[in-house]
Structure formats: C-alpha cells, structure tokens
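Here is a short briefing on one chain. Look over the sequence and the structure first, then read the points below.

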Amino acid sequence: RKMTDKELRELLAQELSRKESIEARMDVAKANWSEGLPIYIGSSEFPGLLEEVHPDGRRVLGAMVNRKFISVEKEVEEAFKKKDER
C-alpha cells in the first residue's frame, strides 16, 4: 500500500526528531551534498526547529512549513515588514 501524504510527513517528522548528528548520517549528507543539496537535522539547541546544513558547512535555523523550509531569519524579516506596514 502506498503511504498517504500525511503518513509520509509524520514519518519524516519522527526521523528528523531523532536528533541524529550529521556524522551519524554521512551517507545521506554525502549523497545530497554531491548534488549541491542541503540536508536537514533536528536542532539540538532549539528543540522543535531544524537546521538546514549546506555543502559549504553553512547552517540555517528554521522549520518546514507546507513542505518548504522557512528560515527563522526570514520569519523575523516578514514580521518586521508587517510591523512597518501598519
């Protein structure tokens, strides 16, 4: 049976919440990084958030929203834009 979208998202959330280090998942990291793609790991410093880790080592803190990674920085920028518009 094929997994529903909800089941797939729940499985992904469970996997990400295991807080595995990059070192523990170098197989996935190397495969993604060889294609120039980031990997996502649970943040140990900020529970409930993810770190998007890029091939160059840059890390971006954020969360998945409707299957899209949104950085915390972007959310702060959006909040200030809305504040300025008032």
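Is Glu-51 buried or exposed? Glu-51 is buried, because its relative accessible area is 13%. Buried means under 20% relative accessible area, exposed means over 50%, and partly exposed lies in between (1.4 Å probe, protein chains only).

This is a predicted model, in which local features need pLDDT of at least 70, side-chain atom pairs count only at pLDDT 80 or more, and totals for chains, interfaces and linings use all residues. Residues are numbered from 1 along each chain as its sequence is written, and side-chain values use heavy atoms, with hydrogens and water left out.

**The chain as a whole**

- The chain has three helices and four strands. Helices (H or I, at least four residues) and strands (E, at least two) are DSSP runs, numbered from the N terminus.
- Along the sequence, the pattern reads α-α-β-β-β-β-α.
- The chain has 86 residues, and 21% of them are buried.
- Among contacts with a separation of 6 or more, 15% join residues 24 or more positions apart. Contact means heavy atoms within 4.5 Å.
- The accessible surface is about 6,900 Å², and carbon and sulfur atoms hold 53% of that surface. Accessible areas come from the Shrake-Rupley method with a 1.4 Å probe; for residues, only the protein chains shown count as cover.

**Glu-51 and its surroundings**

- Glu-51 sits in strand E2, which covers residues 50-53.
- Neighbours within four places in sequence aside, Glu-51 contacts Ile-39, Tyr-40, Ile-41, Ser-43, Ser-44, Arg-59, Val-60 and Leu-61.
- Leu-61 is the bridge partner of Glu-51 in E3.
- A polar contact of 2.5 Å links the side chains of Glu-51 and Arg-59. A polar contact is a pair of N or O atoms within 3.5 Å; within protein, one must be able to donate a hydrogen and the other to accept it, and residues adjacent in sequence count only if both atoms are side-chain atoms.

**Salt bridges**

- How many salt bridges are there? The count comes to two. A salt bridge is a side-chain nitrogen of Lys or Arg within 4 Å of a carboxyl oxygen of Asp or Glu.
- Side chains of opposite charge can pair when their charged atoms come close.
- Arg-59 counts as partly exposed because its relative accessible area is 47%.
- Arg-58 and Asp-56 form another, at 3.9 Å from N to O. Arg-58 is partly exposed, with a relative accessible area of 45%. Asp-56 is exposed, at 61% relative accessibility.

**Strand pairing and hairpins**

- E2 pairs with strand E3 (residues 59-65) in the antiparallel sense, over four bridges. Two strands pair if DSSP finds at least two bridges between them.
- Five residues lie between the strands in the E2 and E3 hairpin, where Gly-57 takes a positive phi near 95°.
- E3 also pairs with strand E4 (residues 68-71), again antiparallel and over four bridges.
- Across these two strands, Gly-62 stands opposite Ser-71, and Ala-63 stands opposite Ile-70.
- In a regular strand the side chains alternate between the two faces of the sheet.

**The turn between E3 and E4**

- E3 and E4 form a hairpin with two residues between them.
- Asn-66 lies in this loop. Its phi is near 50°, a positive value in a residue other than glycine. Asn-66 is exposed, because its relative accessibility is 76%.
- Arg-67 lies in the loop between E3 and E4 too. Phi of Arg-67 is near 70°, again positive in a residue other than glycine. Arg-67 is exposed, at 59% relative accessibility.

**Ser-71**

- Ser-71 belongs to strand E4. Ser-71 is buried, because its relative accessible area is 15%.
- Leaving out neighbours within four places in sequence, Ser-71 contacts Val-60, Leu-61 and Gly-62.
- Ser-71 and Glu-52 are 19 residues apart in sequence, and their C-alpha atoms are 8.6 Å apart in space.

**A nonpolar surface patch**

- Met-3, Leu-8 and Leu-11 make a nonpolar surface patch of about 250 Å². Patches are made of residues with over 30% relative accessible area and no salt bridge: like charges are joined within 9 Å, nonpolar side chains (Val, Leu, Ile, Met, Phe, Trp, Tyr) within 5 Å.
- Met-3 lies in the segment before helix H1 (5-16). Met-3 is partly exposed, with a relative accessible area of 42%.
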